[in-house]
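Here is a short tour of a protein chain, written to be read with the model open beside you.

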Amino acid sequence: MKLDVDVLRYLSKDDFRVLTSVEMGMRNHEIVPVELIGRIDCLKHGGTYKVLKNLLKHKLVHHDSSKYDGFRLTYLGYDFLSIKTLVNRGVFASIGRQIGVGKESDIYEVATEDGSILAMKLHRLGRVSFRAVKAKRDYLQHRSSYNWLYLSRLAALKEFAFMKALEENGFPVPNAVDCNRHCVIMGLVQGYSLVQVKEIQNPDIVFETIIGLVVRLAEVGLIHCDFNEFNIMIDDDEKVNMIDFPQMVSVNHRNAEMYFDRDVECIYKFFRRRFNLDEDENERPTFASMIKPVDSLDKQLAASGFTKKDNEAIEKFIEGEMNEEINSDDEECLPNDENDANVNNLDSLHLEDEEDNEDTPIEPGTEDPELKEDEEDDEDSPSEADTEDPELVKRLNKQRRHAIKAAQGGSKKAVFSRNSYKDKGHKKSQSSKVLKKQMADW
């Protein structure tokens, strides 16, 4: 989706208020109901619908009425929220041309008030090419829905944390300026991507520098995992910089050796094909020869804002090990389908027991004492479900009692109409007349 910042000039405070309300509702809703948006933004009566209509016209939100009337944020609306926040902070003042595009992000030039040029990277996980990779590698397994905006925010936060930590340790990376949502502001690297370079004066020196970066990363406990000619920048003085860090992992990762060997092989293969550079294979660095660091960058990464919980969330998603949807992380109860299924199972079991008891009546005083003791033990001792989630079992028991009452008809109250009172009064008047006539005859 093209970033058209001209629309940003004409958006009012109410427009951003409604956009923020939709974003807050998407924490536990895939499609946010209109009623919930109105309760969050607290606009005047009818103001929410008017603003949503304007946002829908500019494609900042998407309308979905398949199950209920609701809206969700688009990437363009998410872009506007992050840009508005960064502009209010004074990070930059204007947006320029697009300087890069990939399957996972778009990169634009931005300028500060004093005229210095920075780079703005907008993460856009969920494009067609990225989804095809997920489908072919079976990362998602049985999961059918997921929130790409949330994953883009995690990727941006992780990249900013790695960039900040690597810069503090003397690595040639862009200067990390600021981060908000899925947007990362960094210093603009002057140079060219290595894949665009056809000839260099000292290929041996450049090759040794790049391989040295791979080894240095492993020495501080990190592996790039995508270290190739597309993510290496080189300037006119043949100074090397590396970019793109969301996929970095620790040397303690279970596939760390495979990632390390793949990064080294990419560099060897490119220099051999492009610059006819034949290096001794015996001098190739291996993961086994690397010295595992005692103090890695984990503490610095946690201090940069990317917490351990966020790291586990994005790694579990990439490996396909998450059992729940990301949108439902903040929800406390099960989905309605599972709830109804549990209630129906409990109701059917209870009703079947009652039918069996009705077919075989038990006379008073002939109850089995062992069964009675077992029932008392069952009532006193909590089940496994109670110990797991007592609130859920309490709600299920309440729904079960209501269902049983409804099935037995015990909750129905006798309703008398006005005609019934008239009938009673009519009969009473007739009986009194007959009694008076009998008294007179007597």
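The protein is built with 15 helices and 13 strands. Please keep in mind that this is a predicted model. Of its 442 residues, 38% count as buried.

**The chain as a whole**

- Let's start with contacts: among those in the protein with a separation of 6 or more, 66% are between residues 24 or more positions apart.
- The protein exposes about 28,000 Å², and carbon and sulfur atoms supply 49% of that area.

**Arg 181 and its partner**

- Phi of Arg 181 is near 55°, which is a positive value in a residue other than glycine.
- For background, most residues other than glycine have a negative phi.
- Arg 181 has a relative accessible area of 19%, and because buried means under 20%, Arg 181 is counted as buried.
- Arg 181 also forms a salt bridge with Glu 23, with 2.9 Å between the closest N and O atoms.
- Glu 23 lies in helix α1 (residues 13–25) and Arg 181 in the loop between β7 and β8, so this pair ties together parts that are 158 residues apart in sequence.

**Cys 225, another positive phi**

- Cys 225 has a phi near 75°, again a positive value in a residue other than glycine.
- You will find Cys 225 in the loop between β10 (222–223) and β11 (232–234).
- Is Cys 225 buried or exposed? Cys 225 is buried, with a relative accessible area of 7%.

**Salt bridges across the chain**

- How many salt bridges does a search of the whole structure find? The search finds nine, including the pair of Arg 181 and Glu 23 described above.
- Asp 79 forms a salt bridge with Arg 124, and the closest N and O atoms of this pair are 2.6 Å apart.
- That pair links distant parts of the chain, with Asp 79 in helix α4 (residues 75–89) and Arg 124 in the loop between β6 (117–123) and α5 (128–137), 45 residues apart.
- Asp 79 and Arg 124 are both buried.
- Asp 244 forms a salt bridge with Lys 121, where the closest N and O atoms are 3.5 Å apart.
- Here too the pair links distant parts of the chain: Lys 121 is in strand β6 and Asp 244 is in the loop between β12 (240–242) and β13 (249–250), 123 residues apart.
- Asp 244 counts as buried at 17% relative accessibility, and Lys 121 is buried with a relative accessible area of 7%.

- Ser 105 has its place in strand β5 (residues 105–111).
- At 12% relative accessibility, Ser 105 counts as buried.
- Leaving aside residues up to four places away in sequence, Ser 105 touches Lys 121, Leu 122, His 123, Arg 124 and Arg 127.

**Phe 270 in helix α8**

- Phe 270 is found in helix α8, and at 2% relative accessibility Phe 270 counts as buried.
- Which residues does Phe 270 touch, not counting residues up to four places away in sequence? Its contacts are Leu 194, Val 195, Glu 229 and Phe 275.

**Charge on the surface**

- Lys 394, Lys 398, Arg 401 and Lys 405 form a positive surface patch.
- Of that group, Lys 398 can be found in helix α14 (residues 390–408).
- A patch of negative charge on the surface gathers Asp 204, Glu 208, Asp 280 and Glu 283.
- Asp 280 is in the loop between α8 (256–274) and α9 (298–303).
- Asp 280 is partly exposed, with a relative accessible area of 38%.

How values were computed: Residues are numbered from 1 along each chain as its sequence is written. This is a predicted model: local features need pLDDT of at least 70, side-chain atom pairs count only at pLDDT 80 or more; totals for chains, interfaces and linings use all residues. Side-chain values use heavy atoms; hydrogens and water are left out. Buried means under 20% relative accessible area, exposed over 50%, partly exposed in between (1.4 Å probe, protein chains only). Helices (H or I, at least four residues) and strands (E, at least two) are DSSP runs, numbered from the N terminus. A salt bridge is a side-chain nitrogen of Lys or Arg within 4 Å of a carboxyl oxygen of Asp or Glu. Contact means heavy atoms within 4.5 Å. Accessible areas come from the Shrake-Rupley method with a 1.4 Å probe; for residues, only the protein chains shown count as cover. Patches are made of residues with over 30% relative accessible area and no salt bridge: like charges are joined within 9 Å, nonpolar side chains (Val, Leu, Ile, Met, Phe, Trp, Tyr) within 5 Å. Lys and Arg count as positive and Asp and Glu as negative; His and the chain ends are not counted. The place of a charge is taken as NZ of Lys, CZ of Arg, CG of Asp or CD of Glu.
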